Amino acid sequence: MSGISPINNTSYLYGINDKTDKNGLETECQTCKNRKYQDGSDEMVSFKSPAHISPERAASAVRSHEQEHVTNAYSKAATGNGKVLSATVSIHTSICPECGRSYVSGGTTRTQIKYYNEANPYQQDLKSADQIKYKGMNADYAV
């Protein structure tokens, strides 16, 4: 499992209790302003060191980052004689405790790769068993 998440568990989309300054302009709370994201996986992807993402860009940045994990899975499968069986990306949202806005709080990527190892004796036994099982299953009789 890999993904990106904020260090202080906060970031926002837009939402509930918008705060405005004396001129009527929207202001950002300190929690949202100081929110940083960091990747916790062992892959070479973006956000290895903590970085601030503006609330407007958080959703697309997290989606893009999670896509890097999916791309890495396909590359890893291709170089190791494998096949990606599934790749699932989840984008997480939360509510800022200070301002009440909803925000993208991170993402998770889950991948499943099947590797084919012809040199493995268990794989060879499985092929032999399949050969015995399927031999003669289909008959083509010519009259």
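Helices (H or I, at least four residues) and strands (E, at least two) are DSSP runs here, numbered from the N terminus. Colour by those and, from the N terminus on, you'll read β-β-β-α-β-β-α-β-β-α, which comes to three helices and seven strands. A word of care: this is a predicted model, where local features need pLDDT of at least 70 and side-chain atom pairs count only at pLDDT 80 or more, while totals for chains, interfaces and linings use all residues. Residues are numbered from 1 along each chain as its sequence is written, and side-chain values use heavy atoms, with hydrogens and water left out.

Now select residues 82–95 and 102–115. Those are β6 and β7, antiparallel partners over 13 bridges (DSSP has to find at least two bridges for strands to pair). Click Val89 and look across to β7: its bridge partner there is Thr109. Then slide to the six residues between the strands, where Gly100 takes a positive phi near 80 degrees.

Next stop, the largest nonpolar core: buried Ala, Val, Leu, Ile, Met, Phe, Trp, Tyr and Cys residues joined through side-chain atoms within 4.5 Å, with buried meaning under 20% relative accessible area (1.4 Å probe, protein chains only). Of its 13 residues, show Tyr37, Ile53 and Cys96, which touch the most other members. Both α2 (58–79) and β7 give two or more residues to this core, and α2 gives the most, with four.

Finish on Cys96. What is it in contact with, leaving aside neighbours within four places in sequence? Select Cys29, Thr31, Cys32, Arg35, Arg101 and Tyr103, taking contact as heavy atoms within 4.5 Å.

How values were computed:
Buried means under 20% relative accessible area, exposed over 50%, partly exposed in between (1.4 Å probe, protein chains only).
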